[in-house]
Amino acid sequence: MLKDLLDDPAPPPFALLARAGRPGVELLLGDVVDVDRLADIPLPDGDSPATLALIPYRQLSERGFECHDDGAPLRCLRVRSRSHLSRADVVAAVSGDVDVAPGGFDVADDEYADIVGRVIRDEIGRGAGANFVIRRDYLARLTGSVPHAALRLFGRLLTGEPGAYWTFAVHAGDLTMVGATPERHVSVDDGTVVMNPISGTYRVPADGATSDDLLRFLADPKETEELFMVVDEELKMMSAVCEDGGRVLGPYLKEMSHLIHTEYLLEGATRLDVRDVLRETMFAPTVTGSPLENAARVITRYEVGGRGYYAGVAALIEGAAGRLTVDAPILIRTAYLEPDGTVRVPVGATLVRHSVAGHEVTETHAKAAGVLAALAGSGRARRSPSFAGDPEIAAALTARNRTLAPFWLRPQGADAARPTLAGRSVLIVDAEDRWTAMLAHLLRRLGMRAEVRRWDTVGGRPADGDAYDLLLAGPGPGDPRDVADPRIARLHDVVRARLAARRPLLAVCLSHQVLAGQLGLPVGPLPRPYQGTQRAVPLFGRETRVGFYNTYAAGLAGAGAGAGADMPPGVEVAAHPDTGEVFALRGAGFASVQFHLESILSTEGIDLLAELVTGVLTPASSPAAAAPRRG
Ligand SMILES: C=C(O[C@@H]1C=C(C(=O)O)C=C[C@H]1O)C(=O)O
Ligand SMILES: NC(=O)CC[C@H](N)C(=O)O
């Protein structure tokens, strides 16, 4: 069968897939159809047992998010025939020369380093978000048959990258790709959804990794925080698609030939159609950033041209209507073999506030290395031992969970419900950051009825939100002082109206900053951003660890000496004892927090949320007119 493809000068559409945890290689043959939207992806039926959909990055526009439109089609292979081959047979059958002239990156190293600096200063430093993945493409030139080269490269990757989630070659019309991706985007099987955030990258030295080296990597706060950030961002997606929000399992190592990554698995139950799950999860923060909607804008600003299929997914849909399954890896570590012989290998690095430009440049080289080794025919056999069974490594991985929220680590039972909150309603205003999906999930667990609405569908009139017991004004990107931005201006209106109406209000992060400003506190940028950091803070009489994702903060006038003197009467403040940085506010009928109780980084998040909401919803017996207290 493979021989037929190799003998045919113009082979028909095919896909070869080697999937983790399954023996052998699947060879799929079928017809190519392009569709406009995920909802149009043809489902398996009597004529076709499976569909392999190649979802380009530009599909993000289906969610209303920004991207360069490069016209890459949502291409489907409707499978007509499916056979199983052994890995050894495939490797033997496809071995042979591939004629590739090496090339280089389209964006030079120093240009990429400059982008890293700009993203840290102008984006993370201005509250645009916590992490952003900016890509560059390695370009080379292929001579000879494109589909035959794809088959040969597939064989090389099969031996060179044994740790991959999917090793694959797809030839579908004018689209040919071959890769070995470490990362599952999402799978759905029998209603169980699994996502697999991978972040944190250890570069395996030429003479192999050592456990000491790896332990040092595992202890690096930058690498650790990077992974927590993407777990939080994917929990936002899980909370949107799963009734039980999702449970965090891990962390584990993902060992590739040139790199070792750290990862978690997120698991939950859904009733959604597999195509809806794909839509709600477009696309992983590990290849875009967070918050996602703004990350899409940042990517459009810093990248030249479209991403093609980079950061998109391949989705294999199988089964019968009502019981469909999908297995969908992220399209990274993949070479695109264009009909004119151009070979394109897009790679990116996750840029965070403490990224070092030179390291991120090196990381993009390392991420391309697996595919480039296959192109060069030097697919190196793995030199490092596997570290999966090393007890010290296992202990270092487990230690990462020590201060994470048990709520997300354990199966979520019904035991979180609070009788005092049962049936109370909350309107959550989303300011372009889906923390709101996690907040809604937590509040529902507490027994409330939660509805999430986008900021532009909620007016700023006193009556808006009147029907709800509680209004929760949500987090979002941007500078809270920037009222020229309609989104920020609307948040100001919503918060002002709710305060004026003396109706229960909880304000989170960006909205907390807005509220603090309205109460007369100075708001401005912090000396350094706390985007994706767990900190222990004083909070109304206790100390607790919570997750911060902010660049701006409210401060107390005259902080350090006589801090709090300027607070309006009746407002309680939790602030840093030395700097005056305000962490939370509480008054009659309102409360606000700078941090994210819904984050995996907030150890006692759900309990604190329950307390704050209960306080806000409980009418004060006497109007609090006491002198301002410090938390
Ligand atoms: C962005 C890529 O990889 C992603 C980014 C990682 C990181 O920055 O540590 C790790 C794995 C992938 O989720 C890529 O390969 O292009
Ligand atoms: N998560 C948030 O709401 C962040 C608020 C604001 N954009 C900041 O960076 O400070």
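A residue counts as near a molecule or strand here if its C-beta atom, placed from the backbone, lies within 6 Å of that molecule or strand. With that in hand, let us walk through the structure together. This is a predicted model, in which local features need pLDDT of at least 70 and side-chain atom pairs count only at pLDDT 80 or more, while totals for chains, interfaces and linings use all residues. Residues are numbered from 1 along each chain as its sequence is written, and chains are lettered from A and ligands numbered from 1 in the order in which they are written.

**The two ligand shells**

Ligand 1 is surrounded by 16 residues, and the closest are Thr-201, Thr-286, Ile-332, Gly-348 and Thr-350. Strand E11 (198-203) and strand E18 (342-351) are the elements that give two or more residues to this shell. Helices (H or I, at least four residues) and strands (E, at least two) are DSSP runs, numbered from the N terminus.

Around ligand 2 you will find Gly-127, Asp-433, Pro-475, Gly-476, Pro-477, Gly-478, Cys-509, Leu-510, Tyr-549, Asn-550, Thr-551 and Tyr-552. Strand E24 (residues 542-554) gives the most to that shell, with four residues. One member of the shell, Cys-509, has a positive phi of about 55° although it is not a glycine. Cys-509 sits in the loop between strand E22 (505-508) and helix H14 (510-518).

**Two domains and their contact**

The domain assignment, which is automatic or from a database, gives domain 1 (2-379 + 386-399) and domain 2 (417-617). Their C-alpha centres lie 36 Å apart. Across the contact, 24 residues of domain 1 meet 20 residues of domain 2, where two residues are in contact if their C-beta atoms, placed from the backbone, lie within 7 Å. On the domain 1 side, helix H6 (221-241) and helix H8 (292-302) are the elements that give two or more residues. H6 provides the largest share of that side, nine residues.

**A helix pair**

The axes of helix H5 (residues 211-218) and helix H10 (residues 391-399) come within 10 Å and cross at roughly 0°, so H5 is roughly parallel to H10. Axes are lines fitted to C-alpha atoms, for helices over the stretch in contact, and angles run from 0 to 180 degrees between N-to-C directions. Angles under 35 degrees count as roughly parallel, over 145 as roughly antiparallel, 65 to 115 as roughly perpendicular and the rest as oblique. In this pair, Ser-211, Leu-214, Leu-215 and Leu-218 of H5 meet Glu-392, Ile-393, Ala-396 and Leu-397 of H10.

**Residue classes compared**

Ala, Val, Leu, Ile, Met, Phe, Trp, Tyr, Cys and Pro count as nonpolar, Asp, Glu, Lys and Arg as charged, and the others, Gly among them, as polar.

| Site | Nonpolar | Polar | Charged |
|---|---|---|---|
| Shell around ligand 2 | six residues | five residues | one residue |
| Contact of H5 with H10 | six residues | one residue | one residue |

UniProt, in an unreviewed entry, lists residues 110-367 as "domain: Chorismate-utilising enzyme C-terminal"; its positions are given in the numbering used here, feature names are shortened, and annotations may be inferred rather than shown by experiment. The end C-alpha atoms of residues 110-367 lie 18 Å apart, and the span is 34% helix and 35% strand.

Gly-250 and Pro-251 are joined by a cis peptide bond with omega about 5°, and Pro-251 lies in strand E12 (residues 247-255). The bond from Met-282 to Phe-283 is also cis, with omega near -15°. Phe-283 belongs to the loop between helix H7 (274-280) and strand E14 (289-290).
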